[in-house]
Amino acid sequence: MKLRKIVLFSAMLIGWSVTSLAQSKIVSGKVTGANDQPISGATIKVEGSASAATSTNDKGEFKISAKEGNVLQISSVGFKSTSVRVTAAGNYNVNLEVYVNIMDEVVVTAGGIKTKRKEIGTGGTVIKADNLIAAKPVTVAGGLQGKVAGLQINATNGGVNPSFRLVLRGQRSLTGNNQALVVLDNVIVPNEVLGNLNPEDVESVNVLNGAGAAALYGSSASNGALIVTTKKGVKGASVVNFQNTNTWEKPGFFPKFQRGFGAGGSAYGYWGNFSYLENQSYGPAFDNVNRPIGAPLENGKQDSAVYGYSEGHTKFWETGMTNQTDFSISSGDDNSTLYMSGQYVTVTGTTPGDKYNRTNFRMNGTRKVSNKINLSYSSSYTQNRYDITTQTGSMYGNMLNMPNNVDVTKYKDWRNNEFANPIGFYNPWYLNPYFTADNWRSNVRNDYFVANLEVKYTPIQGLDIVARQGITTRNTSNKDWVGQFLYTAYAKTTDQSSKSDIAASVNDGTSYTTNLLTDFFAQYQRKISDFSLNVIGGTQWRQDQAKSIGISANGLVIPGLYNVSNGVGTPGAGESNYMARQLGVYADARVGYKGFAFLHVTGRKDWVSILAKDNNSFFYPAADVSFIATDAIGALKNNKVLSYLKLRAGWSKVGQVNLGGVYGAYQLLPTFNSGAYGFPYGTMAGYSVGNTLVAPNLQPEITKGIEVGFDLNLFRDKFTSNVTYFDTKTDNQTVTTSISSSTGFTGLRTNTGQTSSKGLELTAHYTVIDNRRNKGLTLTVGGNYTYLDNNVNFISDQLPRLALATYGSTAGSYAVANRAFPVIMGYDYKRDAGGHVIVNPTTGIPTKSDTISVLGSAVVKDKIGLDLSAEYKGFRLSVVMEYRGGYSAYQSMGTELDWSGTGWRTAIYDRKSFVFPNSVYWDGAKYVTNTNVSIANGNGNNGFWTDGINRDVTSNYVTSGAFWKLREVSLSYSLPSALCAKTKVFKGITVSAQGRNLLILMAKDNYYTDPEYQDAGSGSNGVGLTGINQSPPSKFYGASIKFTF
Amino acid sequence: MSLKSNKSLVKHKLFNMKMIKAIFFAGLLIVTASSCKKQLDINTDPNNAVIANPKLVLPQALTGTASNLNGFNSMGAQLVGYSANAGGYGGFGTSITYNFSSSDFSGRWSNTYDNLEDYQYIINYSKDKPEYAYYGGAARAMKALSFQLLVDAYNDVPYSQALQGAAYLTPVYDPAKDIYKSLATDLDSAMAYFVKGDATSGVTPLSTYDVLFKGDVVKWKQFINTLKLRLIVRANGKVTFANTTFSADGFLTSDALINPGYVRDNGRLNPKWSTWGYTATGDANKAWMPNKYVMAFYDGTKLIDAGRGANTYYKFPLTGTNQLGVEGTSIQSSPSGSFWYPLASPRVYSTAGSSPGPLKGPTAGYPVITAAEAYFLRAEAALQGITSDAVQANFDAGVAAAFKYTYALENGSTYVSDPAAAVTQYRADNVTSYLVNFALATSNAQKLEAIITQKYIALNYVNSEEAWNEYRRTGYPTVVTGGPAYATFASTVSESTRADKLPGRILYPSQEGSYNTTNLPKGITPFTSTIFWAK
């Protein structure tokens, strides 16, 4: 095989006159790279001589004939070329810096095709291993945060293995999938694989921001793609790495609590009076007197607490601990390479009792079978195990419903402490949160296997025929259980108790998914005088299959035996099966002219199983051009200021089938539900008309878009930048929209609507100081900026808005015609024309609007990532910050905080009567400014905060979503290689300390939690909602040590 | 560099060879593509049924009606003074202020329409299939019943354009009076389907798929007559019905109970039992307890009814009671199994049942309309001159049927003690009360009060929503605002602006505001807006 040799051109030419008198002699030396590993196959050329060239052997050694005064040019793929002058000395040891000139960098793009960056006419970002794992994230998604223009990553929760939502260039599909396609070593994998991949195994992540760049992946690619490539062994000596990292996790931002008032309320201890029973914090001001809490126990003992503010609510969350151990071996020779790795991670969370562990194995390799046949493979196996509570939300809610004067943490030992045990627990209405966490548990196991085999046959030079088979399979099982708890008769009946026995139950489920991807394509590359041609034709076959079975039993008889056979009555059971297939045929051609102008066109036709036969195929083309002005225009060549300028533009059309459900299978016909109301009864079955209507002839959604941009480097690449503007529209939205239940149905699945997304992506870096060659100080600063304008243009005349994710059926995230996608909607106060809140002229109480209205946009309009990296004599510092702004979030936990009276808002009027701010009332003829009608029951359980409309008015809890986060800070130190060499064991030792989310600054009106969280989950487009299902956002501190052998 | 041109020469030679390969490759693709077409034909749903017939739909639809009625019962019970907030719970909010929001009781709307769609499916399915005439008739009757539930709760609702799927995505709201008029016609049509079924040879019998009347067509006809009577009595003087005659089959004389085979098993219990008594694995709702107002009709405050009192309430006459809206440490907690399960033992989820009273047990049938209600409707219809029935005979039969219902045990056919003797005792205990001894009622107002008051007692936790409808229509049983706790069932923290301090209606659900915004009637409040038949 002889692919076109990628010639790295040396940027630094040293004008040196050759002494013609000098005699030729044999010069020898050794070329090494990172960690002083020898580089084999490096090219050594004598400058000015066309023929004098050689390459290094396996040990990195070379011999070449040269004259004194000659300049040797040393180059190797993946390293910065360098030159040395031949002097009297005969031996040259050259260390090459890992560096690739940006314009000639080879990147892996769609379909695993390797292309030079300069040939690409679409925007994207490549994140390399060093950059990805600097702060030792446990997941790849976590390591990408803040680093890529146009990519928005949201942790959908806290927890031991947070899920992430990854969206490129905003949302396109109203209710379908908007997440970026994840491709791991040429295999399309589910997004969750990113959370289970060992980040240490990743060589690079190529983010293809637009649909055009990813068009080869077919209909999955309309959301852009993340091409993740794992490490391969390198030809040369073997390298063994061993690393251990410990990370501490501490909650870094808490809801804001009021600190002045404790237990009391109108029902149980009238407001102003202390109540020993009440859980709501609407009592009198703190006086720091020790008082009883709760009813006395059956044995007469009485719990008590000082009536003063306790920090218990913030101390409830624990310090989590993550331990990662990594091991990898990399090796290679002329015919094969091998990379093997293993990782073991254990995590304890900030939620009491939550545990998680993960084990990864990977084996990647290549093998040259003959000059014409090359094999490569990658495979990984991951298993993870969760032992967590299922009730994070209710546990958090229970905790918030403990009065401010009670230190929650003293109730941790509920098994032995009689005041903490549910029987004696002082609060009859809300369970001890520690008990909740212990009594509702979930054990989940996931096993993932991802593998890819590739055979490449090169019958003639320039023609490659590639066959690939990829598989991703997930095998999972879960057991969720609730423990039995029996109260004493005394506990059940004493003093207002609503305690009732908790029956034990168990849910057991098992499922698998298997995704198969077969690729077969031919690639032909040729150069005809000034033109280069690269043509690909291929076909892709995809099959996705899933099955799950769940079974449940209630009223378990033997305590502690969580088995479905231990229940009473008929166990509940359910089964579901899904299969979808897709066939794609595609062609891709790239024509280059003189290495500075490139035209790239692709076309693909897909047939899918999930649409009706007459409708199930669709074609989509894409094209892009790139023009390297600095190569094309003579005047710009070798310019000291302008070192690189590429102009690019692209157009694309991609279809996506978004039918909802699993893989979109079986969504074309309305169904009948069985099993409601206890059916079947004996031999009698029951079916009921399903709730979703389906419009005939459902079509794919079509995204059409353009992008234009440029890559600009200045000052010999000290300054690098790229800028992309994009504009896309998505038509024919497939939507299951909620409809009036008076139609007899609650949803209609139909094609309607259009969304648009346009924006600007900008990345720039500047190497302020560059002393890399002498290992002196090198400092690079830069960042990325994304501006996003993401809108719903229209849905349909009959359905001007669509609920994406809601609480009840009111407050939530909606798609609304001519508005940002999505917006937060909910109730507001009734207001006059001037926006003043209308209050009742006698009670002073405001009123709630009749219908919901738009309260804010949930689209992150501005996103900034800033980074800094500095190196000095083995030290390396890197910092990443991220800002998001220009959007709002609905903080649903606000209602719980107001209910419990622990929330900051509830004390802003010092629990006294107050005139509602900025309000007016109707005096019979007009609205007059309210200065004197105050709300009487401003403090108390029955008062303004809990029982009135306060908690129903959504706008009370809509806050700015803006934040600054110090995402990553890491400082590492690599021991000098000479020192390591002395040990004769280690080739390198690196120690590092790192932190993530060290600083979290929220908007001033955000008293609640991290707006990055997504209460609706990673799969929902209803972003902009947070709640108590997510534990408070955390800060992470860690340290690691890495040995290289 | 001369080597390079050599290479391209070599390539030129191979070009033909490559062309052949390319053609072969393209051919392979086409073959692959066409053979794959069949492989794509895999979209048959392996998880859910996409077709069903009325035999499969009717049983679940009727059972769904029972579940829906149970929701209406819970709503009616708290609104009409059967229940009050119990100790140990807070946060009753609008349940005690009556200042309802659009999310209160919103399940009544969505569940009823969801249930209605199943009946509509049977109606559509059976339209041109005479062999399914009985199913079409049953579905029409149940559709009328469900729409009356909606109108009585919401007044104007979507009717003429409702249940037609995509044809009307935002159905208009029809005036409540028009709907009432149409429902009577629909019931005539239901009757016609049964008549047609009788005349169709090879008609599919309802048989056991009919979990309401077990295939008894005569009872269905009586049921239809009774539903029509209820419409006409309630809208008397407000709606001009097209046809006010009834078929010769008469009215229900026994309780119409839905029972698909309720059993003490997960999700298969009588819904009223699992809401208030016990679930399959433990305690049910303990947030409510008997209201002082209704207790006065049992404990001698207003009437003496020791028999039904003891067979309705736990620990009667020492049953815990409360006045709606009163919260505080003085209020008792509900016992396990609630106060509406009268037996002292067994009071555990695994064996409780076999009881008289409104809950009876996990396997009891769910009442759609009781014989007592039918008799009281007939008494009132006669009193109003709608029919020429006998007033007192039906009144007395109503009281007797009410006692029978209360005294019936879980199986519905055996009684805790002789209900007839208890009725006699009841008349004797209240010998001066025209509310019990109908002959003492002299004016039509007193007669109506007696009928509705006895109906109120008969419907206690049986079909509570009907009692609420009748109170709003007639003002009976009487309430006195500002008197003792037992004199009114209005909440002590009522925000109602009405004279009786009670709500007039519930609000349209928020979903309608979201999905049917234009048609939704505006300006509806719980206090000033009323149902068209309201007093």
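# Reading features in a two-chain model

Student: Is Arg884(A) buried or exposed?
Tutor: Arg884(A) has 1% relative accessibility, so it counts as buried. Buried means under 20% relative accessible area, exposed over 50%, and partly exposed in between, with a 1.4 Å probe and protein chains only. The model is predicted: local features need pLDDT of at least 70 and side-chain atom pairs pLDDT 80 or more, while totals for chains, interfaces and linings use all residues. Residues are numbered from 1 along each chain as written, chains are lettered from A and ligands numbered from 1 in written order, and side-chain values use heavy atoms, without hydrogens or water.

Student: Where does Arg884(A) lie?
Tutor: In strand E48 of chain A, residues 875-885. Strands (E, at least two residues) and helices (H or I, at least four) are DSSP runs numbered from the N terminus.

Student: Which side chain makes a polar contact with the side chain of Arg884(A)?
Tutor: That of Asn154(A), at 2.8 Å. A polar contact is a pair of N or O atoms within 3.5 Å; within protein, one must be able to donate a hydrogen and the other to accept it, and sequence neighbours count only through side-chain atoms on both sides. Now look for contacts, meaning heavy atoms within 4.5 Å. Neighbours within four places in sequence aside, Arg884(A) touches residues including Gln152(A), Ile153(A), Asp862(A), Phe963(A) and Glu1012(A).

Student: How many bridges join strand E23 to strand E24 of chain A?
Tutor: Strands pair if DSSP finds at least two bridges between them. E23 (373-389) and E24 (440-457) of chain A have 17, and they run antiparallel. Ser380(A) stands opposite Val450(A) of E24(A).

Student: What does E24(A) do with strand E25 of chain A?
Tutor: E24(A) pairs with E25 (463-482) over 18 bridges, again in the antiparallel sense. Val444(A) has Asn478(A) of E25(A) as its bridge partner. E24(A) and E25(A) form a hairpin, with five residues between them. In that turn, Gly462(A) has a positive phi of about 100°.

Student: Which three strands form an open sheet in chain A?
Tutor: Their order is E45-E50-E51, with mixed pairing. Strands E45 (837-838) and E51 (927-929) of chain A stand at the edges with a single partner strand each, so one side of each has no neighbour in the sheet. E50 (919-922) of chain A pairs with E51(A) through three antiparallel bridges. Val920(A) has Thr929(A) of E51(A) as bridge partner.

Student: How many cavities of 30 Å³ or more does the structure hold?
Tutor: There are 16. A cavity is a set of points, on a 1 Å grid over the protein atoms alone, where a 1.4 Å probe fits but cannot get out; lining residues have an atom within 4 Å of a point. Points join across faces, edges and corners, and the volume is the space filled by probe spheres set on them. The largest cavity has about 460 Å³. It has 31 lining residues, and those closest to its centre are Pro162(A), Phe164(A), Arg996(A), Asn997(A) and Phe1036(A).

Student: Which strands supply at least two residues of that lining?
Tutor: E53 (963-974), E54 (988-1002) and E56 (1034-1044) of chain A. E53(A) gives the largest share, three residues. The lining of the largest cavity divides into twelve nonpolar, twelve polar and seven charged residues. Here Ala, Val, Leu, Ile, Met, Phe, Trp, Tyr, Cys and Pro are nonpolar, Asp, Glu, Lys and Arg charged, and the others, Gly among them, polar.

Student: What volume has the second largest cavity?
Tutor: About 220 Å³. Of its 19 lining residues, the closest to its centre are Gln152(A), Val167(A), Gly170(A), Gln171(A) and Leu788(A). Strands E11 (151-155), E12 (164-168) and E40 (778-794) of chain A give two or more residues each to this lining. The largest share, three residues, is from E40(A). Eight residues of the lining of the second largest cavity are nonpolar, eight polar and three charged.

Definitions and conventions. On a 1 Å grid over the protein atoms alone, a cavity is a set of points where a 1.4 Å probe fits but cannot get out, and a pocket is an open set with protein on both sides within 12 Å along at least five of seven lines; lining residues have an atom within 4 Å of a point.
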